[in-house]
Amino acid sequence: MKKYTYTEKKDTRSGFGDGLTELGKTNPDVVALCADLTGSLKMNEFAANHPERFYQVGIAEANMMGIAAGMTIGGKIPFTGTFANFSTGRVYDQIRQSIAYSHKNVKICASHAGLTLGEDGATHQILEDIGLMKMLPGMTVINTCDYNQTKEATIAIAEHNGPVYLRFGRPKVPVFMPQGEFKIGKAIQLTEGTDVTIVATGHLVWESLQAAEKLAEEGISAEVINIHTIKPLDEDAILKSVAKTKCIVTAEEHNKFGGLGESVARCLATNNPTPQEFVAVNDTFGESATPAELMEKYQINDLAVIEAVKKVIKRK
C-alpha cells in the first residue's frame with residue numbers, strides 16, 4: 001500500500017491566495033472582489049500588486065455577486081472571496097439569478113468552510129453549501145484537500161468557462177498531494193485496494209488515508225479516491241472501483257444531506273447498486289471548539305472512516 005507523508009502543514013486558503021497571485025501575473029482578465037475579508041482569504045498580495053483589478057466591496061456580499069456577474073459581460077474573469085457561509089447561504093438568490101441562470105463566468109471562492117472553521121461556531125460553520133451549489137444548473141463544484149490542490153484548482157478554474165464554486169478551509173492541514181495531478185472533473189486514485197472503496201473530499205481525504213493505513217494493519221485493503229470535483233462527478237472512477245471492492249464509504253466535512261455522499265449514492269443507484277456508508281455530519285449544526293475536537297465529536301475523522309469501513313464490509 002502506498003503511504004502518503006507530509007513535511008509541513010499549510011492552510012488551503014493560502015493555496016487560494018497564492019494561486020490568485022499567480023493568476024494576477026499571467027492572466028490580465030482576472031479580477032478579484034472581496035467582502036471585507038482580504039486577509040482571511042489571503043488576497044493581500046493580489047490586491048497590492050494589482051490595485052486596479054481588486055475591488056473591496058465591504059460587507060455587501062449580495063452586491064459583490066451582482067458586480068461580479070456584470071464584470072463578465074466585459075470579458076473579465078471575476079474571483080469573489082469571502083467565507084463559505086457568506087458565499088452561498090447569504091447570497092443564494094443573487095447567485096441563482098445573476099450568475100447560474102445566465103451562466104456567467106464567475107468564480108465563487110469560499111473559505112472557512114465546514115466544522116474546521118472551529119471556534120467561530122455554528123453560525124459560521126456552514127455544512128449545507130455543497131448541496132446548495134451543486135443543485136444549481138451548470139455550476140461546477142470543487143472542494144480541495146490541501147494547499148497544493150487548492151492552488152492548482154484556483155489556477156485551473158480561470159481557464160474553465162462557466163460558474164464555479166471553489167470551497168476550501170481555515171486550518172493548517174498536511175500538504176501531501178503531488179503537484180500536477182489536478183484536473184477539473186477527474187478523481188485521483190491515491191491507493192489501490194480490494195476490500196472497500198473510500199471516496200473522500202476536502203479535509204477528509206487525509207483522514208481517509210490515515211484510516212486506510214490503520215485498516216491495512218488489520219488486513220483490510222482500502223482503495224482511497226480523492227474526489228475534489230463533486231460536480232461534475234467522476235462516475236467512471238467510482239464505478240470502476242466498486243466493481244472490484246463491492247462496497248463504498250463516502251467521507252466529507254458536510255451535512256450528510258446534499259453532499260458528496262448523496263451524489264455518489266445517485267451514481268450507484270442508477271448504475272450499480274452497492275452497499276454504502278456515510279461519514280458526514282448527521283443533520284445538525286456545529287458549535288464552538290477546536291477543529292480536532294469537532295471532527296471527533298461529529299464523527300468525521302479517521303476513526304469514523306474506519307468504523308464505517310468495517311460496517312459496510314459486513315453488508316457485502
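Let's start at the side chain of His 254: one of its polar atoms sits 3.1 Å from the backbone nitrogen of Ile 130, and the backbone nitrogen of Gly 131 is 3.5 Å from a polar atom of that side chain. For the cut-off, a polar contact is a pair of N or O atoms within 3.5 Å; within protein, one must be able to donate a hydrogen and the other to accept it, and residues adjacent in sequence count only if both atoms are side-chain atoms.

A word on the model, everyone: it is predicted, so local features need pLDDT of at least 70 and side-chain atom pairs pLDDT 80 or more, while totals for chains, interfaces and linings use all residues. Residues are numbered from 1 along each chain as its sequence is written, and side-chain values use heavy atoms, leaving out hydrogens and water.

Back to our histidine. His 254 belongs to strand 13, residues 248–255 (strands are DSSP runs of E, at least two residues, numbered from the N terminus). Its relative accessible area is 0%, so His 254 is buried (under 20% relative accessible area, 1.4 Å probe, protein chains only). Beyond four places in sequence, its contacts (heavy atoms within 4.5 Å) include Asp 129, Arg 167 and Val 281.

Key: Helices (H or I, at least four residues) and strands (E, at least two) are DSSP runs, numbered from the N terminus. Buried means under 20% relative accessible area, exposed over 50%, partly exposed in between (1.4 Å probe, protein chains only).
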